[in-house]
Amino acid sequence: MLKYWRRHQWVVFCSLLFSTVLVLAQLSAVYSEQSLLKRLDGILYDSRLTLTLPYRAATDLPVVIVDIDEKSLQQVGRWPWSRQLVAQMLEQLTAAGASVVAFDVIFSEPERNPVQQVLQGAKQLSAEMTEELQQLAPALDADQHFANSLENKDVVLGFLFQQEQLAVGQLPESYVLMDSEASQSSASHFAGYVANTAVLQQHSSGTGFINSSPDPDGFIRQAALLIRYQDKVYPSLALEAARLYALANELTVETAPLEQINTIVGVTVGNTRINTDLYGRVLIPYRGPARSFPYISASDVLHGQVDKTLLKDAIVFVGTSAVGHADLRSTPVGVQYPGVEVHANVFEGLIYPELIHSHPDWAEALVFLFLVVLGLLMSLVFPSLGPVSLALSGGGLLLLTLGGNLYCWQVLKLDLPLTSSLLLILGLTLLNLIYGFFGASQQKARIKSIFDQYVPPAHIDEMLNHPESVSLDGKRKEMSVLFSDIRGFTSLSEKLSATELKTLLNRYFSPITKTIFEHHGTIDKYVGDMVMAFWNAPLDVKDHAELAVKAGFSMLKVTDELSKSFVLDGLPAIDIGVGINTGEMNVGDMGSEYRRAYTVLGDAVNLGSRLESLTKYYGVRFLVSQSTVQQCQNIIFRSVDKVKVKGKTEAVAIYEPVDASLVLNPDFAAALQQHEQALLLYSEQNWADAEVLWASLHQRYSDKLYSLYLERLAHYRQHPPGADWDGVYTHAEK
């Protein structure tokens, strides 16, 4: 665990810090209506609501909206209309069978009586005419006419609460009963009101406020069912209409006392209980976009041009959609939404409470707990995941959170905040992806710096850019392997101190490795003074055998230059032997669970090692196998021998690569040709002629190879190998 923390401490710390900030933001959102989270939650609420509208349960509740629309204003005249016309419209509605009529308008000022206007405007009238006009006045009193039409009808008039301390009209009696005693309730409090005239208020069956409850962004997502004025609580227009529709004489508010405040938990209408928040509000169960309820133009009602079957037993809301009347609202289901239809949606939810989604008081606590647990788990687990697992895990958590939230909304009818949970998942996933990206970049650079010591930089870049072209799995393929060893290293090391030996090897390995990389080889390992390299893995290398031989030539040249500088620095001179073989080899990531290495194995590898050892026996610096020679058409070789090395039953022809510059010398070219001719005579057991040629070469060049063959000739003369001899020499030592 400590190792895990040290490796991922920064991303874990940043993840925990991000989670803490988000948790604190969620807590602050509980107390601040202006918080950014609340605004984002509102947007997600709107999206969720519109997404699930097609699956909203349908009702057969006959709700109809009588609209004082542009058509009505053109045909009847501008609003306000005479109360006599309003009374006529009400009579038409009740005659058609409407059971409850709710007015989303306020009649706050008395309508002027035409008789009073005449009496005030006339300068001189006889007493008799004045008396006749005064007797006519009651018949022309539009307010009284409207008030009379309200008698014996279930009509709800609207009024408006305001924050200003004013009192216009007559406030109705409250039918709201609190189920416990306290100094005040938790319902929103207002200081003033604009109500209907006294004569209308006294004749109406009910009155409800028409205040809207927009969120800070101006969208109406919830509706207040109760508002407190002074020491009384009053119902909304929709709630009062529901009371009349349920034939209830009163409304009961269920509360939970908290110190000196009655915290509202629900409202009972007749036998129906509606859960509310502590402010007495409910989420509006929108049926759909504007005009989801049947609309009838108010002018058509006045003229009796309505389908009476539509109004039979209907609950009618009278309001306006005319632009000039400023009663168009912004809602989740559309802007420019008629305010009267908002009341209709609330009313339908009150009659069918199963349509209303509740936002329980413990919702924030649940989200808080979810954020703490999920933030802790993601902060600790996500840093250990790879990019694909991280993306899948983050996406899975996102889908589960969205699915769970939709399930709570659609099935359990619960509105749970979603923004903070999504931000947590997205934020921590993105944070860890960024961390993984930069971590991978740093790791790539670190890997490149490490493997630059073993693989040519061009190979590293190719593997990093095209990882699909690289496989570390074991496979068998044709490759070339090179072994190089410093001659007499054991005795040399005994003459040097540890520091001097380290300095010598470091100065030797660096240019040797560079040379191998320049020829596209891969360093397999360093063992003491031995260097092992191979070609054609992990990436395919064209002409790998020829590149390996050229690398060998370059290594010999580098060694000669290093040897001269060592002597000048007081270090011993060095020389190396190089052996190369080409053939089928097993290559891959091999080893144990504790240590692994990308290496090559097989008989072809072992033969390469044997060839390097044989360089000392033959007195040459460079030996290659016949399989390598066959793939090097542009390089000249000198035949050395046909041998069986220890541990092998098959003979192998071995060759010494010849520097092209030497062949340009006629004497050397002639000596090379003479040596090849002597080998041919040797294989034919023509000892005398072969001896003449090698003796001549040895006299001129003092080459150990020539003296070696002269010794063999002397041996075979005394001990003939027999007629079945094939020219193969068997080595008993490695």
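**Pockets, cavities and helix pairs**

Modeller: Gladly! By class, 18 nonpolar, nine polar and 14 charged residues make up the lining of the largest pocket. Do keep in mind that this is a predicted model.

Biologist: How big is the largest pocket, and which residues lie nearest its centre?

Modeller: The volume of the largest pocket is about 1100 Å³. Its lining has 41 residues, with Lys38, Asp277, Arg281, His359 and Glu364 nearest the centre.

Biologist: Which elements line the largest pocket?

Modeller: Two or more residues each come from α1 (2-31), α2, β14 (261-269), β15 (272-275), β16 (281-283) and α13 (363-381). The largest share, eight residues, is from α2.

Biologist: What makes a space a cavity rather than a pocket?

Modeller: A 1.4 Å probe fits in a cavity but cannot get out, whereas a pocket is an open set of points. The structure holds one cavity of 30 Å³ or more, and the largest cavity has a volume of about 130 Å³. It is lined by 14 residues, and Leu49, Arg56, Leu355, His357 and Trp409 are the closest to its centre.

Biologist: Which elements take part in the lining of the largest cavity, and how do the residues divide by class?

Modeller: α2 (36-52) and α14 (387-410) are the elements that give two or more residues, and α2 gives the most, with three. By class, the lining of the largest cavity has nine nonpolar, three polar and two charged residues.

Biologist: What makes the pair α23 and α24 roughly antiparallel?

Modeller: Helix α23 (residues 666-683) packs on α24 at about 150 degrees, with the axes 8 Å apart. The cut-off is over 145 degrees, and α23 and α24 are therefore roughly antiparallel to each other. Among the residues of the contact are Phe668, Ala671 and Tyr682 of α23 and Trp687, Leu693 and Tyr701 of α24. By class, this contact of α23 with α24 has 12 nonpolar, four polar and three charged residues.

Biologist: How do you know whether α4 and α7 are roughly parallel or roughly antiparallel?

Modeller: The axes of helix α4 (residues 83-95) and helix α7 (residues 142-150) come within 8 Å and cross at roughly 15 degrees. Angles under 35 degrees count as roughly parallel, and that makes α4 roughly parallel to α7. In this pair, Arg83, Gln84, Val86, Ala87, Leu90 and Glu91 of α4 meet Ala142, Asp143, His145, Phe146, Ser149 and Leu150 of α7. These residues divide into six nonpolar, three polar and three charged.

Biologist: And is the crossing of α4 and α7 left-handed or right-handed?

Modeller: It is left-handed for α4 and α7. The crossing of α24 and α25 is left-handed, and α23 passes α24 in a left-handed crossing too.

Notes:
Residues are numbered from 1 along each chain as its sequence is written. This is a predicted model: local features need pLDDT of at least 70, side-chain atom pairs count only at pLDDT 80 or more; totals for chains, interfaces and linings use all residues. Side-chain values use heavy atoms; hydrogens and water are left out. A crossing is left-handed if the near helix is turned anticlockwise from the far one by less than a right angle, and right-handed if clockwise. Helices (H or I, at least four residues) and strands (E, at least two) are DSSP runs, numbered from the N terminus. On a 1 Å grid over the protein atoms alone, a cavity is a set of points where a 1.4 Å probe fits but cannot get out, and a pocket is an open set with protein on both sides within 12 Å along at least five of seven lines; lining residues have an atom within 4 Å of a point. Grid points are joined across faces, edges and corners, and a volume is the space filled by probe spheres set on the points. Ala, Val, Leu, Ile, Met, Phe, Trp, Tyr, Cys and Pro count as nonpolar, Asp, Glu, Lys and Arg as charged, and the others, Gly among them, as polar. Axes are lines fitted to C-alpha atoms, for helices over the stretch in contact, and angles run from 0 to 180 degrees between N-to-C directions. Angles under 35 degrees count as roughly parallel, over 145 as roughly antiparallel, 65 to 115 as roughly perpendicular and the rest as oblique. Contact means heavy atoms within 4.5 Å.
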